Amino acid sequence: MIVWLNGTHGAGKTTTSVLVQQLLPDARVFDAEKVGETLMDITPGLPATDNFQHWPPWRHLVVETARRVLDYTGGTLVMPMTVLVEQYWREISAGLAEHGIPVRHFVLHADQDTLRARIEGDHPLPSPFRLRYLQPYAEAARTWLHAEAEVIDTTHRTPDQAARLIALRLTGRGCRLAR
């Protein structure tokens, strides 16, 4: 199974993914961004883009990598990755479905002011890249994303609380963090 944690920068995906992994037996975290970083290292480079998700190989390699890891390890992959383009999500989810891999898709959501404050508070110089995705996230949330996933509002939740809620929805029972 794959537990996909979607949402924009500042929603808490990376932190929450580690905590969800600790709550689920036989779970691993797989950050699909690493696939994009690998593609960015190809020389000479692939066609210029502002986001590696625009390269079709990224979407196919995410599916293939997840499939191969699950074939090898079994269990659950927790995947924290922002996907805001509906076509890209459809390609990924259809590819996983073709391999019989169930996906539970969660969106970690926070209001725009909270997201902006988190992004601006992360580093002395806020990331223009991360800030640039606030409006596309709002548009995706309004038009398709929230209808495609289970929405977890993190505006007033800690990552630990969000992880416990996700684990509860996955297992139907309360969990304690294994530390």
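So, is Phe-52 buried or exposed? Phe-52 is buried, because its relative accessible area is 12%, and buried here means under 20%, with exposed over 50% and partly exposed in between, using a 1.4 Å probe on protein chains only.

Quick housekeeping. This is a predicted model, where local features need pLDDT of at least 70 and side-chain atom pairs count only at pLDDT 80 or more, while totals for chains, interfaces and linings use all residues. Residues are numbered from 1 along each chain as its sequence is written, and side-chain values use heavy atoms, leaving out hydrogens and water.

Okay, aromatics. There are 2 aromatic pairs in the structure; rings of Phe, Tyr and Trp (its six-membered ring) pair if their centres lie within 6.5 Å, and planes under 30 degrees apart are stacked, over 60 edge-to-face, the rest tilted. Trp-4 and Trp-89 are edge-to-face, because their planes sit at 75°, with the ring centres 5.1 Å apart. That pair ties together distant parts of the chain: Trp-4 is in strand β1 (residues 2-6) and Trp-89 in helix α4 (residues 86-98), 85 residues apart. By the way, helices (H or I, at least four residues) and strands (E, at least two) are DSSP runs numbered from the N terminus. Trp-4 is buried at 0% relative accessibility, and Trp-89 is buried at 3%.

Back to Phe-52, then. Phe-52 pairs with Trp-58 in a tilted arrangement, 5.7 Å centre to centre and 50° between the planes. Trp-58 is buried too, with a relative accessible area of 0%.

One more ring: Arg-59 lies over the face of Tyr-88, 3.9 Å from the ring centre. The cut-offs there are NZ of Lys or CZ of Arg within 6 Å of the ring centre and within 35 degrees of the ring normal.

Now another arginine. Arg-67, in helix α3 (residues 56-73), counts as buried because its relative accessibility is 16%. Leaving aside neighbours within four places in sequence, Arg-67 is in contact (heavy atoms within 4.5 Å) with His-99 and Ile-101.

Last stop, helix α7, residues 134-143. Which residues of α7 are buried? They're Leu-134, Tyr-137, Ala-140 and Ala-141. They cover an arc of only 125° around the axis, so they're on the same side of α7; that arc is taken from the directions from the helix axis to the C-beta atoms. Over on the other side, Gln-135 and Arg-142 are exposed. And the cover over the buried residues of α7 includes β4 (103-109), α5 (112-122) and α6 (128-131).
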